[in-house]
Amino acid sequence: MSQSSQTPSRLAPHEIWRGVHATAQSDAVGGALLLGATVVALVLANSGLADLYTSVRDFTLGPHAVHLDLTVGEWAADGLLAIFFFVVGLELKEEFVAGKLRNPRQAALPIAAAFGGVAVPALIFTAIALASDSEGALRGWAIPTATDIAFAVAVLAVVGRFLPPALRVFLLTLAIVDDFIAITIIAIVYTEGLQLQWLLLALVPLALFAVLVQRGVISWWLLVPLGVLTWALVHASGIHATVAGVLLGFTVPVVASERARVLASTDEDGTPVYDGIAAHLADQWGVFTTLIAVPVFAFFSAGVTVGGLDGFRAALQDPITLGIIAGLFIGKPIGITTTTYVLSRLPAFQLDESLRWPDIIGMGFVAGVGFTVSLLVGELSYGAASVADEHVKIGVLLGSLVSALVGGALLAMRSRRAQRAGATAA
């Protein structure tokens, strides 16, 4: 036997990268990584290693002169998550331009559902706060209004393999609009001093980024600095910096044109096949968000310290905690499902034909997963490290957990039925 036949074949670097790339494109893989990072963070935050975990998460680095002296946790939530929002923005623009949302009647429904999913949780929290007559509790009325896109999409990816793709598009659209509403509330209600000059300055690198991508420029050494500068200026303005990611994503052209296109492959006869720049950038940056950005964000965001049984009991007696749980677990599905049902009966709105009402109800519960923005609103409402803020964290954790479990179970049942129906049809 020759020596070459005895030597195991080695994968070339490009073959390894192709395998990693294909794996990272799976929503289920991304969801598993995110949920795994969440579990690890919760265990560490409530174990003997809690001090080490919090010291790393709260370690500050970055230049103070440009308002970027952030903790590691803030870099993850504001910086890494902005890249995730950039990819989501690219995907959504593709859907609006060439996908299911290009029909205005279909696009209007998840947008309207987002408003219902904000209003009802806020009303439920307000009712509980007023009924309790607890001083200052009402300040947190906006806490249960936000849906955490990364966590919600992860739950859907893990349990909904055989569900209609339109459901993911509906959830993404709803969650993006939901976050914009929540961020607008923060800017109007909770931000003491919006730095408008920084926001106006952010339009300059944003416009340059838009001009370059519209002309087909995809060189990272040009686009990345402009993207980072846009993000930094939006952050300095006082608005949640993830907005910059969505705005940058929306500037990228979707349709492949003579000026803006990327060679994707060739046909059998050698004819080149081109992709739009949005699809190309989503494909490239999607790997980073799946394998690094979102799991790291989850690890530093999900480490909520419960405080033992005594702390848990005290939190459950606080109307703030109860209002958050009820808002996320009850308010979100009621607001989203009711708005969708009522408006879908009107000629101006249209529900995708592949979706069924159990899909919408399950997704409504999944939309009750609120983390980053909810925790931020809680901190702005009651002050960091206050007793009320600790109860906010427990309320967000419990409300999100129950919403994820119930919504995940409903969608898992729907997915199994769809799988059986597909097998029978085959």
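Student: In which helix is His-391 found, and what makes His-391 count as buried or exposed?

Tutor: His-391 is found in helix H17, residues 387-425, where a helix is a DSSP run of H or I with at least four residues, numbered from the N terminus. The relative accessibility of His-391 is 11%, and buried means under 20% relative accessible area, exposed over 50% and partly exposed in between, with a 1.4 Å probe and protein chains only, so His-391 counts as buried. This is a predicted model, in which local features need pLDDT of at least 70 and side-chain atom pairs count only at pLDDT 80 or more, while totals for chains, interfaces and linings use all residues. Residues are numbered from 1 along each chain as its sequence is written, and side-chain values use heavy atoms, with hydrogens and water left out.

Student: Which residues is His-391 in contact with, leaving aside its neighbours within four places in sequence?

Tutor: With those neighbours set aside, His-391 is in contact (heavy atoms within 4.5 Å) with Ala-314, Ala-315, Asp-318 and Thr-321.

Student: What makes Lys-393 and Glu-390 a salt bridge, and where do the two residues lie?

Tutor: The closest N and O atoms of Lys-393 and Glu-390 are 3.7 Å apart, and a salt bridge asks for a side-chain nitrogen of Lys or Arg within 4 Å of a carboxyl oxygen of Asp or Glu, so the pair qualifies. Both residues lie in helix H17, three residues apart, about one turn of the helix. Lys-393 counts as partly exposed at 23% relative accessibility, and Glu-390 is partly exposed with a relative accessible area of 28%.

Student: How do you know that the pair of Asp-178 and Lys-332 links distant parts of the chain, and are its two members buried or exposed?

Tutor: Asp-178 is in helix H8 and Lys-332 in helix H14, 154 residues apart, and their side chains meet in a salt bridge at 2.4 Å, N to O. Asp-178 counts as buried at 0% relative accessibility, and Lys-332, also at 0%, counts as buried.

Student: What makes Glu-91 and Arg-168 tie together parts of the chain?

Tutor: Their side chains meet in a salt bridge of 3.2 Å, N to O; because Glu-91 lies in helix H5 and Arg-168 in helix H8, the pair ties together parts that are 77 residues apart in sequence.
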